[in-house]
Amino acid sequence: MSDPVLEPYREDPSPKRPNLRLRAVILLAILIGGAAYSIRKEPAELHVYTLAADRMLAGDEIYRPDDPKPFTYPPFMAVPFVPLLVFGQDVQKGLFFAINLGIIWWSIALLRRLLMRTFDWRDGPSPWVLAVVIALLTGRQVAASFSNQSHDLFILLSILLGAERLSRGACSGARIFGGAGFGLAAALKATPGLFLVSMGAARRIRAILGFGLAGLFLTLLPDLLFPRDDGKLHGMAWFDTFVRSQNVGGTAVKEGTWKPWNSLNQSLAGSVYRLTHKPPPLGPLDDPRRFPDVTLLSVGTSTAKTITLAMQALVVALLAWWCRRRRGDDASPRDRSFAIFGDVSLTACAMLLLSPMSSKSHFCVLLLPAAYCVSTWIHRGQSKAILRLLIASFVVGTLTTKGILGKSIGYTVLAAGSVTWATMLMFVAAGVARGQVSPRTDS
């Protein structure tokens, strides 16, 4: 079925098409070079997934906090890695790089379609300008997913599948399948459960139904395909091992898995903890530069939890307020897509801020709010507030790398929560953008 919103963008068959052979050669070079680099690199996160998949296939326990790097995700996360078990470790790393490259390629195609459905680019600047700006804002985070061999691009793709499907129209099928995309993300990682807040505020009941059905089915699927020998549900084992022990308002803590003072944890809870607690005593092999004292206010654990809870409650309240259903959200296909894109972008930021543990590779989903905010600034009023917030997010989040500031200062600003506060700025920018209800009109 044709999409009337995208009809003006259909390619004219008369102009000469780009050299497809050149594209294929470039893609092949990237694939071969990246795969070769991945093979030389340590297994990183990939080994965590394949080990869990191997244990799941054997009916064993997959949640073992005493592992050097435990598998801490919902059980469905292990299922996609079962087919990789037939290959050796080097082949697994090369294949996983290729899979991630395909996922980011697919994600960019979905994001492009979502942008075209939301904004009219015929009278705006070249899309390449947008691509460069988005790369400056989020390239660091997307690259981290490749270098860490993490599954976070799976989350990005799942969210984009849901957003693109949901923005197609107001029919029940689009809404249910859109919600199912978010349900898939929640089955891979628990924090996309926050889509229930944004969809509830927007009163997208059918999308919530799709979310619930997909999330429940995929969470139970590992028990149908690979039941445990002891008869316990994989999901219950995950909850008992890694979820039940977490304290509301506290940072991620689990003996052998998560340490409370961890500069790599850029969630709100993690950053607040480091700003209110001195670093732990250093071991003989610890690099002191990795444990800078960034304490702003030395308080007890209960007070730190109160501060964290207040900030987390504010994020949830803002998420619900900014995603609330507004008059005009369904006035036209573009307005509907604009509202959905905004709600998804806000939820992506909230996921990172409210998770007990958010490491740098998780932040690849900032691709969504970056694209949304920049496009809104260009096409819906050019709000100075959006521009200032984006610039501040770029300075705090991108210009504070160790490569720019040096290792000593870089570790210090990271421990102070540079990525956390950059995400908070992006969250506020997306909230401001969500309020830009009138398309720009040229005088």
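These legends describe close-up views of one predicted protein model.

In this predicted model, local features need pLDDT of at least 70 and side-chain atom pairs count only at pLDDT 80 or more, while totals for chains, interfaces and linings use all residues. Residues are numbered from 1 along each chain as its sequence is written, and side-chain values use heavy atoms, with hydrogens and water left out.

Figure 1. Helices (H or I, at least four residues) and strands (E, at least two) are DSSP runs, numbered from the N terminus. Of the 443 residues in the chain, 51% are buried. Buried means under 20% relative accessible area, exposed means over 50%, and partly exposed lies in between (1.4 Å probe, protein chains only). A contact means heavy atoms within 4.5 Å. Take the contacts in the chain with a separation of 6 or more: residues 24 or more positions apart account for 75% of them.

**Figure 2. Thr50 sits in helix α2, which spans residues 45-57.** Thr50 counts as buried because its relative accessibility is 7%. Its side chain reaches the backbone oxygen of His47 at 3.2 Å. A polar contact is a pair of N or O atoms within 3.5 Å; within protein, one must be able to donate a hydrogen and the other to accept it, and residues adjacent in sequence count only if both atoms are side-chain atoms. Set aside the neighbours within four places in sequence, and Thr50 is in contact with Phe81, Leu85 and Gln92.

**Figure 3. Helix α2 packs against helix α3 (residues 89-118).** Two packed helices are described by the angle between their axes and the distance between the axes. For α2 and α3, the angle is about 110 degrees and the axes are 11 Å apart. Axes are lines fitted to C-alpha atoms, for helices over the stretch in contact, and angles run from 0 to 180 degrees between N-to-C directions. α2 and α3 are therefore roughly perpendicular to each other. Angles under 35 degrees count as roughly parallel, over 145 as roughly antiparallel, 65 to 115 as roughly perpendicular, and the rest as oblique. The crossing of α2 and α3 is right-handed. A crossing is right-handed if the near helix is turned clockwise from the far one by less than a right angle, and left-handed if anticlockwise. Leu46, His47 and Thr50 in α2 meet Gln89, Gln92, Lys93 and Phe96 in α3. By class, this contact has two nonpolar, four polar and one charged residues. Ala, Val, Leu, Ile, Met, Phe, Trp, Tyr, Cys and Pro count as nonpolar; Asp, Glu, Lys and Arg count as charged; the others, Gly among them, count as polar.

**Figure 4. Ser167 lies in the loop between α5 (152-166) and α6 (172-188).** Ser167 counts as buried because its relative accessibility is 2%. Ser167 and Phe338 are 171 residues apart along the chain, and their C-alpha atoms are separated by 8.4 Å. Leaving aside neighbours within four places in sequence, Ser167 is in contact with Leu114, Arg117, Ser337 and Ile340.

**Figure 5. Arg203 lies in the loop between α7 (195-201) and α8 (205-225).** Arg203 counts as exposed because its relative accessibility is 54%. Phi of Arg203 is near 60 degrees, a positive value in a residue other than glycine. Most residues other than glycine have a negative phi.

**Figure 6. Ala214 lies in helix α8.** With 14% relative accessibility, Ala214 counts as buried. Ala214 touches Ala180, Gly183 and Leu184, not counting residues up to four places away in sequence. The C-alpha atoms of Ala214 and Ile176 are separated by 9.5 Å, although these residues are 38 apart along the chain.

**Figure 7. Helix α12 (residues 333-354) crosses helix α17 (residues 418-434) at roughly 160 degrees.** Their axes come within 9 Å. The angle makes α12 roughly antiparallel to α17. The crossing of α12 and α17 is left-handed. Residues making the contact include Phe338, Gly342 and Leu346 of α12, and Thr423, Phe427 and Ala430 of α17. The residues of this contact divide into twelve nonpolar, four polar and two charged.

**Figure 8. Helix α13 (residues 367-379) crosses helix α14 (residues 384-397) at roughly 145 degrees.** The axes of α13 and α14 come within 9 Å. Their crossing is left-handed. Cys373, Val374, Thr376 and Trp377 in α13 meet Ile386, Leu387 and Leu390 in α14. The residues of this contact divide into six nonpolar, one polar and no charged.
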